[in-house]
Structure formats: C-alpha cells, structure tokens
Amino acid sequence: MDNGVSAGSTATTSTLGNIALGLTLLAFGIGHTGIIGGVSAADAVSLATYVGGFGLFVLGLLEFRGGNGFNGTAFAGLGAFWFTWAAGADTKVSAHAAGLFLILFALLALTLTTGAASGLFGQGTYALLTLSLLLLATGTLADSGGLAKAAGWVAAVSGLLTWYGATAALAHWPTAFGKASRGSAVAAG
C-alpha cells in the first residue's frame, strides 16, 4: 500500500468511531436495563457485530495508520470486544467463562481510562465502560439480574456521553460543562 495515500482525517475517523462506540454502548445498555418491553441485550447483537465490531475495528486500523495510537488501540480493541460478544451471544457458555471474558475486557477499558485525555469525554466514557463491564461480570458470576440491570444503566450513560461528545465535536457544540464560553454571560444558578 502506498504510504502517500491518505487514510482520511484523524478527526473524522475519531468522531465516527466515537459515534459508533456510543450507539453500540447505548443499545447494549438499554438492552440490559429492560426499560423497553421486549428489548433485551440480545437484540443489540446485529449492531454490536457490524457497527461496534467490524466498524470500530476498521476505524481503529485507520487511526493507527493516521498515527493516533490511542484511538487505534481503543477502537480496534473495543471492536474485537463487540464482535466477540456478539458472536458468542447465541452460544451457551458457562457463567464463569462469560464473567472472565467481561473482566478481561474491563481491563482493556481500564487501560483506556488511564490513557485517555482527562475530562468527562476522555476518561469519563472509558471509566463508565469499565464500571459497566465489572458490574456485568459480577452480575454474571453471581447470577444477579439486578447487577446486570445496573450495568446496563451505566453502559447506557456511557453511550450517551460518548455519543454527545462525538456529536458535539462534529456540530461544534460546547463540551465544557460549567464553564462559560468566551463572550457569553454566565448563568446564575
């Protein structure tokens, strides 16, 4: 492959990757909460396979090619997680194997938390993902539907946070909460 060929703008692939991650987390989380009747985590399998799995993995490779090692690691690693999770969703595995799988990927999410840029949209997203995976792993190992539901809520919040951060970057919306932008009045409250 010619190294002179552009792999695309890193900002573009980062934004698209974060949108894909956010939507996948949101679908995964909502499925675990049970808030929508008839919708379960298994209903997120197609989205997890193609958007979260294949899409994030390819975007991760593009990020690596563009020189962004963090996003390359995050997107390719989480793409592998989503693809593997979706592929195993229809198979019967022991609770121990499923719990171990979730713990291993919680370690990846923890690594991403420590390596992310500080702040709500950097470390916040990956910290919530880590917490969600640990709650789900514990719920799986302990056969606790309540912990799985809590994990779903945390994943959904992480998904919304990720989606908003990417959408804000694309739409030039504010991403600093509690700070007034230049030239605007500070709201009292």
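1. Helix 3 and helix 5 pack at an angle of about 25 degrees, and their axes lie 14 Å apart; axes here are lines fitted to C-alpha atoms, for helices over the stretch in contact, and angles run from 0 to 180 degrees between N-to-C directions. The two helices, helix 3 and helix 5, are therefore roughly parallel to each other, where angles under 35 degrees count as roughly parallel, over 145 as roughly antiparallel, 65 to 115 as roughly perpendicular and the rest as oblique. Helices are DSSP runs (H or I, at least four residues) numbered from the N terminus.

2. This is a predicted model, in which local features need pLDDT of at least 70 and side-chain atom pairs count only at pLDDT 80 or more, while totals for chains, interfaces and linings use all residues. Residues are numbered from 1 along each chain as its sequence is written, and side-chain values use heavy atoms, with hydrogens and water left out.

3. The crossing of helix 3 and helix 5 is left-handed, a word used if the near helix is turned anticlockwise from the far one by less than a right angle, with right-handed used if clockwise. In this contact (heavy atoms within 4.5 Å), Phe70, Ala74, Phe75, Leu78 and Phe81 of helix 3 meet Tyr126, Leu129 and Leu133 of helix 5. By class, the contact of helix 3 with helix 5 has eight nonpolar, no polar and no charged residues; Ala, Val, Leu, Ile, Met, Phe, Trp, Tyr, Cys and Pro count as nonpolar, Asp, Glu, Lys and Arg as charged, and the others, Gly among them, as polar.

4. Helix 4 and helix 5 have axes that come within 8 Å and cross at roughly 165 degrees, and helix 4 and helix 5 are therefore roughly antiparallel to each other. Helix 4 passes helix 5 in a left-handed crossing, and the contact of helix 4 with helix 5 has 17 nonpolar, seven polar and no charged residues.

5. Helix 5 (residues 120-142) also packs with helix 6 (residues 145-171), at an angle of about 160 degrees and with the axes 8 Å apart. Helix 5 and helix 6 are therefore roughly antiparallel to each other, and helix 5 passes helix 6 in a left-handed crossing. Among the residues that make the contact are Gly124, Leu128 and Leu135 of helix 5 and Ala151, Val154 and Leu161 of helix 6. The residues of the contact of helix 5 with helix 6 divide into 16 nonpolar, eight polar and no charged.

6. What volume does the largest pocket have? About 650 Å³ of space lies in the largest pocket, where a pocket is, on a 1 Å grid over the protein atoms alone, an open set of points where a 1.4 Å probe fits, with protein on both sides within 12 Å along at least five of seven lines, and lining residues have an atom within 4 Å of a point. Of its 26 lining residues, Trp85, Gly88, Val93, Ala98 and Thr140 lie nearest the centre of the largest pocket. Helix 4 gives the most to this lining, with five residues.

7. The second largest pocket has a volume of about 270 Å³, a volume being the space filled by probe spheres set on the points, which are joined across faces, edges and corners. Helix 3, helix 5 and helix 6 each supply at least two residues of the lining of the second largest pocket.
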